[in-house]
Every structure is written in C-alpha cells, then in structure tokens.
Amino acid sequence: MTWAPVARRAGSPREKLRGALLVLPAAVLSLVVLGGGIGATALQAFGLLPVVGRPTPGVEAFTARPGELFAAVGVSLSVAAVSTVLAVVIGTLAAIVIVSRTRSSRAVAALGTLTVTIPHLIAAATVGLLLSDAGVLPRLLGIPPEAWAPWVGGPLWGAAIVELAWKESAFIALIVTGTLATRIQTYDETAALLGAGRAQRFRHVLLPLTAPTILIGAAISFVYALGSYEVLWLLGRTSPEPLPVLAVRLFQGVSLDSRPEAAAVALVTSVLALAAVALTFAALRRTAAWR
Amino acid sequence: MTAVDSPLTRSRGAGKALRRLLAVALAVWFALPLLPLVLWSFADRWSFPSVLPTALGIRSIDQAIAFGVVPALGRSLVLGVVVAIAATLLGALAARALTFGAVPGARFVSVLLLAPIALPPFAAVLGVNVVLLRAHVPSLVGVAMVLTVMALPYTAFVMRTAYGAYDRSYEEEARLLGAGRLQVLRRVQLPLIAPALARAAFLAFLVAWSDYIVTLIVGGGEVVTLPLVVASAAAGLGNDAAVALMSLSAVAPPVLLLVGVLAFGRRRTRSSKEVSA
C-alpha cells in the first residue's frame, strides 16, 4: 500500500509544463474543495466569516459549549477506538483464513468483498434491523424485547460499534489479504521448513510483514469512524452526541449563531483525525517492513 | 493472487478443525447483518415472537415506491456514473504525470490528492457549502465536485499502481511505426490500462453511491439519492420491510458492477497471455 516513488526528475521546462497541465484539473478541484472547505470552516470557527454582519475574531465558538464538546470528543474517540480494534483483529484473522484457500475460506473472501461494497448508511440500516429490541436477532434467539440489551441507542453504542467493526473488518481483510498474497507466502514457507510452529510464524513472520498494511488500514478506519455522521446518528443515542452529529445539528440549527460553533466542532474533529494520521506515520517509520 | 495452499503451511489435526471453525465464525460475522434484508424485504407481516415472517408478500414494493425509491435510484446511478467518469479521468491524468513526468511540487500534489482519506468529510463539507453557495454553484454540480475529490485518492492510487507497472516502450514503438498520438492513446495506452481504469471507476462509483453526508448538506435537500431515502425511512418506525427492500436495491448494483469489473480484468489478463504466448 505504498505510493510508487515520486518521479524526481528535474525535466525540461516543456516537460514541466506538460506535467503541470496533466495534474492541474485534479489539483485545482482538490484545492477548491479541500482548501476552500477546511479554510472556510477555520474562518467560521474563529469568527472571521459570519453569515451576516461584521467579522468578530475570537475563540468563543470553541468555548461556547465546553461540556458538550468534551463529551463529544470522548464518545467519538472511544467509539472509533473500540470499533477499530475489533475491525483490526477480525479483519486480520479473516485475511489469514482467506489466504489459506480452502473451500470455506473462499466463502469468507466472497462475503468480505460483498461487505466492502455496502454503503455505510445501508449497513447501519440493516444492523438496526438486526439488533434493535424487536430486531431479527432477538427473534431468532427467542429473546423478548425487555430482556434484549439496548444495542441500538444504548449507553455503550453497541450497534454503532458493531456496524463500524463489521464494515471496516471487511476492508482490513481485503487489504491485508492483498499483502499476504505477495512475497510473504514464501517467507512463511521458509519459516515452516525451518521448524517454526503456527503461532511462531504468526508472531515472527506474518505480523511484522503485514504490520504496515494493518497500521494503514487501522488509521483509515479510525479516521472514518471519527468522522462518520450517518452510522452514529442512526444507531447511536442523542446524548451525549458524537462530534459529527453535534456539528451537523449545530450547522442545521435554526439560529445562524450556531454556525461558528458547528465549524469549531468540525475543526476539532479534523485536528484529531490529522493527529491520528501523524501518529500512524510515526508508528510506520518504526516498523521493520516499511520501505 | 498466488496459490497459497502449500503442504508446508497447511493446517492439520486440531489446528485444521480450529481453522474451519474460525472460517465459519467469520462467514457468520460477515453474513449475519445481511440476513434482515433477505427476511424483511418480502415480509408483509412479521409479528414479534415468531422466528420467521408470518405473511410473505410484496407490499414492501408499494411502500418503497411511496418513499420515492425509483427516482432516488436514478439520481444515485447518474451521480455515481458522473463521479466515476470525472474522478477516473482526473485521477488517471494526474497519476500518469506523477509517474512519468516532471511535475512541479509533485510531493505536495500527491499529498493533496490523498488528503480526503485523512479528513472527516463532514468537516470539509460544512465549509465548502459556504464557498459553493457564495459562488452560486448549482447543488447537483456541487455534490458531484465534492464527491469527485473524495474519490480521487482511490482513482489516483489505482492508476499510479497501474502506470508503475506500465511499459512506455510500447508507446515509443508504436510512434516509431508511424502511429499518431491519438492512435497511440486508443490502440496502445487505453487497452493496456483498461482493467485499472475499470477498477478505479468502480471505486469512484462506490464513493458516490455510498455517500450520505455530502449529498445531504451540499445537496441542500435538492439531490435526494437512495441513501437519503433509506435514512429517512430507517429513522422512522414501522418501515422495516421498505427499509430492507430499498437497502437490497442499494446493495445489488455495486455487486453486479464488481462482478463485471472482475470478469473484465480476468478476460484482459487471459487474452494478453494468449497474445504473448
């Protein structure tokens, strides 16, 4: 999952012009959407881009609802962390089963790939149908609604975590399978020939070599879970609100005053996401297999 | 994928049983959440304690139509195709330049194209909404623009991997034999990168097809796609059958596309092997 090294040729002015023209459409569009988007969000958060009236620079938007903001950070970070850990463990196990290429592993591969293609909102809807107190699972298990744990909208965010772990474990299984199917196979065989047992091969061969892929997958799913609106909105509870739900509610509120507060929540989420990415790159540099 | 089942690493005895048990558990993990879609879609009545639907029927179809599933499906398809074309084209152009060319600020451009993965979409969307409104961009165009940027990491990545394995000497040879630039593009480059283009377009389609929050906020209620309809039905009570059926209709198109893309890739590799043999 690494980028091919960037071509670092000086190039003639003509070549440079050609290169610039080819990347221009993608770069300009990305700059407008990301630069403009994050830029306008930041300006709004610091009171520099009011919907009406004069700009009033300041950090009031960040301090207006300290309780709600802290609670949102706590909920979002915990839900993202728990679902990412589950997704990494299940996804890595699934990848190991998939590369064993037995009949049952092909079924796991097909179901995993199917899961990756399902939109998160649809996945959230079907997890809701499965786990709500009159859902399909309590029906199948014969458990009455009052005895069924509050998965949907419960205090532990069970259904939301299950949805995120389900979808992201399929994604991690897919990318780890891709890594396992390369040269790692021969190392695994060599270790087996030298007498390494299954657990030893997992610990000393498979894990170190797939660590970069697992880390990247974990970072992508963590950032996704942190910024996912629809899953937590549909399957979560209304208080405390996670960051995306809080931001969108403030943004859509009747009062235009809450717009800067929505932007502040969005900015905090972006900083958390970028910090997670930075930590991942720091961790990647320490793994042996990262080139 | 290479064959991985080798006698050296194959499980035996208790390990084999454990591995099989694990495979079954994983299959259940991936399949179980899909069960409600199958069971509820054609359940006219499913009173509580019973394990299976009490009355089968197609009343869910009428309910789904009442929710506006048909026009929503059409809008989702159009949005998916537009974003797939735009993001694949832009991603392929940028990837080619970044792989072979001399791009000023290449590292910055690479990071910029990957950045949407590292940012929560709603954060950029709240701001971009202001920019697009002030620039008077129509909401549908705005949604397509933002989703194209969100799909660029995937298309640029797939196309860079493809161009990394691409031998430009075929192009030079064709030029030497008198082919024009357009002929080289049509007869040499496109056939060689076609499977990667198909994969990139599939991923970009999936980004647009799956999106909820961008369409909700940038679309401002004017672009009602399938996920928006399912969301409003799922947020209400007693719509279980309609939600299940609409969800099925949202799951099927990407799966069909994926099967097509995989078959296309396989045919390509086979025919290229036949040519080289």
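Biologist: How do helix α4 (residues 69-100) of chain B and helix α11 (residues 226-235) of chain B pack: parallel, antiparallel, perpendicular or oblique?

Modeller: This is a predicted model. In it, the axes of α4(B) and α11(B) lie 7 Å apart, at an angle of about 140°. Angles over 145 degrees would count as roughly antiparallel, and the two helices are therefore classed as oblique.

Biologist: Which residues of α11(B) make the contact with α4(B)?

Modeller: By class, the contact of α4(B) with α11(B) has 6 nonpolar residues, 1 polar residue and no charged residues. On the α4(B) side it is made by B:Val69, B:Ala72, B:Leu73 and B:Ser76. The α11(B) side contributes B:Leu226, B:Leu228 and B:Val229.

Biologist: Where in chain B is confidence lowest, and where is it highest?

Modeller: Chain B has a mean pLDDT of 89, and 92% of its residues reach 70 or more. Confidence is lowest in helix α12 (residues 240-276) of chain B, with a mean of 84. The highest value in chain B, 96, belongs to α4(B).

Biologist: Is chain B a compact globule or more spread out?

Modeller: Chain B has 12 helices and 2 strands. From the N terminus on, its elements run α-α-β-β-α-α-α-α-α-α-α-α-α-α. The radius of gyration of chain B is 23 Å, well over the 19 Å that the globule rule gives for 277 residues, so the chain is more spread out than a compact globule. Along its principal axes, the C-alpha trace of chain B spans about 75 × 65 × 30 Å.

Biologist: Which element gives the largest share of the side of chain B that touches chain A?

Modeller: The contact between the chains takes 91 residues from chain B and 91 residues from chain A. The largest share of the chain B side, 11 residues, comes from helix α1 (residues 13-31) of chain B. By class, that side of chain B has 7 charged, 14 polar and 70 nonpolar residues. The element asked for is α1 of chain B.

Biologist: How many residues of domain 2 of chain A are in contact with domain 1 of chain A?

Modeller: Chain A is divided into domain 1 (18-58) and domain 2 (65-286), and 30 Å separate their centres, taken over C-alpha atoms. By class, the side of domain 1 of chain A that touches domain 2 of chain A has 5 nonpolar, 3 polar and no charged residues. The contact joins 8 residues of domain 1 of chain A to residues of domain 2 of chain A, numbering 8.

Biologist: Where in chain A does pLDDT stay under 50?

Modeller: Chain A averages a pLDDT of 89, with 95% of the residues scoring at least 70. Among its helices, α5 (residues 120-131) of chain A has a value of 96 and α8 (residues 184-193) of chain A a mean of 84. For the stretch under 50, the model has 10 contacts beyond four places in sequence. That stretch is residues 1-5 of chain A.

Biologist: Which residue does a cis peptide bond join to A:Ser239?

Modeller: Most residues other than glycine have a negative phi, and most peptide bonds are trans. A:Trp157, although not a glycine, has a positive phi of about 60°, and its place is in the loop between α6 (136-141) and α7 (158-180) of chain A. The cis bond has an omega of about -5°.

Key. Residues are numbered from 1 along each chain as its sequence is written. Chains are lettered from A and ligands numbered from 1 in the order in which they are written. This is a predicted model: local features need pLDDT of at least 70, side-chain atom pairs count only at pLDDT 80 or more; totals for chains, interfaces and linings use all residues. Two residues are in contact if their C-beta atoms, placed from the backbone, lie within 7 Å. Helices (H or I, at least four residues) and strands (E, at least two) are DSSP runs, numbered from the N terminus. Ala, Val, Leu, Ile, Met, Phe, Trp, Tyr, Cys and Pro count as nonpolar, Asp, Glu, Lys and Arg as charged, and the others, Gly among them, as polar. Axes are lines fitted to C-alpha atoms, for helices over the stretch in contact, and angles run from 0 to 180 degrees between N-to-C directions. Angles under 35 degrees count as roughly parallel, over 145 as roughly antiparallel, 65 to 115 as roughly perpendicular and the rest as oblique. Domain bounds come from an automatic or database domain assignment. pLDDT is the predictor's confidence in each residue, from 0 to 100. The radius of gyration is taken over C-alpha atoms; the globule rule is 2.2 Å times the number of residues to the power 0.38.
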